[in-house]
Amino acid sequence: MSLTNDIIKQKLTEKFGDQVTDFTDPYGMLTFSAPKELNLKVLNFLYDSPELKFRFLTDLCAVHYPDQAGKELAVVYHLHNLEDNVRVRFKVFTDISQPDVYTATGLFSSANWMERETYDFYGVNFVGHPNLKRILNVDEMDYFPMRKEYPLEDQSRVDKDDEMFGRGSMIGFKGEKKNEGAAIEEGKVN
Amino acid sequence: MSEHHIKLPEGSIEKTTTTLNLGPTHPATHGVFQNILELDGERIVSAEQTVGYIHRAFEKIAERRPLYQITPLTDRLNYCSSPLNNMGWHLTCEKLLGVKTPKRVDYLRVIIMELARISDHLICNSIVGVDAGAYTGFLYVMQYRELIYEIYEEVCGSRLTTNIGRIGGFERNFNDIAFQKIEKFLKEYPAVLREFENLFTRNRIFMERTIGAGPISAERALNYGFTGPNLRAAGVDYDVRVHAPYSSYQDFQFDIPVGTTGDCYDRFLVRNQEMWQSLSIIEQAFHKIQEFKGAEAEVYHADIPEYYLPPKQDVYTKMEALIWHFKIIMGEIDMPAGEVYHSIEGGNGELGFYLISDGGRTPYRLHFRRPCFIYYQAYEELTKGAMLSDAIIVMSSLNLIAGEMDA
């Protein structure tokens, strides 16, 4: 037997009615979303259902959409049914002012660090996580750097002293400051 | 004189276990990450991992870069097999853009990817040997990794962080020297690998050090998100090359070696077997490439002027080519909006790229699924109750690469 996107969709609608929404299949991968309160119910259903058997958590990450009021953060689960070799993508959206989402660590041990990473970069608060602290960034950091309100540094800024990193005087933004190497060549430095 | 001035922390006398910092710059960690081990004598009571020492915010940086400028970032994930990461990224972009690559490009890519896999497994396995006290194997096989790096060098000009290929194919055709080197590798490597296996596989000391060290059941491995050789050593035959063939892997005949117990010895054997399989794949691809005749035998990229740089002589003489060259270099080309996940079988397992494009010139969001990061969290479970020396060999047999872990 082979599991198709239509069957999965049908099973999900049977179980959750119109709670599970936004069915699409970009590049062949079934994608859907559910209210964040239901995330564990949906994950458990996908895991336990004898037809679906999505028992491998491939990936877990977040995306920030600052323009969607009330649904700014998306937590994205990529699940894989290894027996039938089908993948699905499941999203839950949450308000950025109260980014509480239930943890999936009870179901997948692999979710532990992936959720910590998501918390670290997006500030999603995984309720019930055994050890929700920063993982890649320093503990003292007091913001969530992957959110869109923190743009990357403007590469043409001139107010920063970058000389120790081989920039600064090299590019010549600082006008009057002379390159030391050039001074040696000109014989001005002994 | 009996009075001493060392102030011991509260409760330190009563404490019966010893805390040991393994890393971040310990030679046995082979990379920058830390394990805080709690030891009872020589037994490990608990282990806590700290990662992130070389976090470089690739995902954030990628949000401001056009597609082809992200390739050098992927080099620095698993730097033992950068071509695999590069190809994975190019394939992801091609999936988003809907590019279909010619067969010859696929086969050339397969050769490079399998060479990269061999170099990755070779390092991992010989390092397991080093950590078990056998340095010879490591030095011996290093020559042949060098040969692989020379092949990269012929193809793209660099060795470690390769930035190999382009979206749609390669930057130039493989030259004769490259093919000669591949042929030389195919001819000489089997004897070397056999000797390497002879050195370890039935070696009494090596077996006693690795059998039963850091075992994991198939069920736990899946729950921990293991992929690649580490999962296969536990007995699950999941291989992205077979389950979701990319780059024409369906045209090749190869086996997926599996282990049973998921311990260090099985991981070692699986990696060794995979090298044999890779060799056979390279050989098949090499023959398939020889079969192309005429104009087909010169194809080395897909025809996608929006993403593939035009030939230099055209840039200097033709207006159209000059415009495309400028647009590509400046990253002025908007990509289609979409959401794509693509994964390849990397050196350590399923290396995934989750790319969201909102139709701009740069990705809206790019997430790397780094196999290493995901399975390293099982380390505590793997080493609980084991000896300190096992902890080190488990670490090297998992092939933990700090670059991949920290992204």
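A salt bridge is a side-chain nitrogen of Lys or Arg within 4 Å of a carboxyl oxygen of Asp or Glu. Keep that in mind for the exercises below, which explore a predicted model.

**Exercise 1. How many salt bridges are there between chain B and chain A, and which element of chain B gives the most to the side that touches chain A?**

Solution. 
- Step 1: Start with the count, which is 6 salt bridges between chain B and chain A.
- Step 2: Look for the element. Strand S4 of chain B, residues 338-345, gives the most to the side of chain B that touches chain A, with 4 residues.
- Step 3: Try the definition on a pair. Glu339(B) forms a salt bridge with Lys91(A), and their closest N and O atoms are 2.8 Å apart. The cut-off for such a pair is 4 Å.

**Exercise 2. What area is buried between chain B and chain A?**

Solution. 
- Step 1: The size of an interface is often given as the accessible area lost when the parts come together.
- Step 2: For chain B and chain A, the buried area is about 3,700 Å², and carbon and sulfur atoms give 55% of it.
- Step 3: Now list who takes part: 40 residues from chain B and 46 residues from chain A.

**Exercise 3. In what order do the elements of chain A run?**

Solution. 
- Step 1: Count the elements of chain A: 4 helices and 7 strands.
- Step 2: Read from the N terminus on, which gives α-β-β-α-β-β-β-β-α-β-α.
- Step 3: Turn to burial. Chain A has 190 residues, and 47% of them count as buried.
- Step 4: Finish with its surface: the accessible area of chain A is about 9,900 Å², with 49% belonging to carbon and sulfur atoms.

**Exercise 4. Is Cys372(B) buried or exposed?**

Solution. 
- Step 1: Find Cys372(B) in helix H14 of chain B, residues 371-376.
- Step 2: Buried means under 20% relative accessible area. Cys372(B) has 0% relative accessibility, so it counts as buried.
- Step 3: Check its contacts beyond four places in sequence; among them are Asn348(B), Leu400(B) and Met405(B).

**Exercise 5. Is Ile13(B) buried or exposed?**

Solution. 
- Step 1: Locate Ile13(B) in the segment before strand S1 (18-22) of chain B.
- Step 2: Exposed means over 50%. Ile13(B) has 65% relative accessibility and therefore counts as exposed.

Methods: Residues numbered from 1 in each chain as written. Chains lettered and ligands numbered in written order. Predicted model: local features only at pLDDT ≥ 70, side-chain atom pairs only at ≥ 80, totals over all residues. Heavy atoms only, no water. Helix = DSSP H or I, 4+ residues; strand = E, 2+ residues; numbered from the N terminus. Buried < 20%, exposed > 50% of the residue type's maximum accessible area, 1.4 Å probe, protein only. Areas by Shrake-Rupley, 256 points an atom, 1.4 Å probe, with all protein chains shown as cover. Contact = heavy atoms within 4.5 Å. Buried area = accessible area lost by both parts, 1.4 Å probe.
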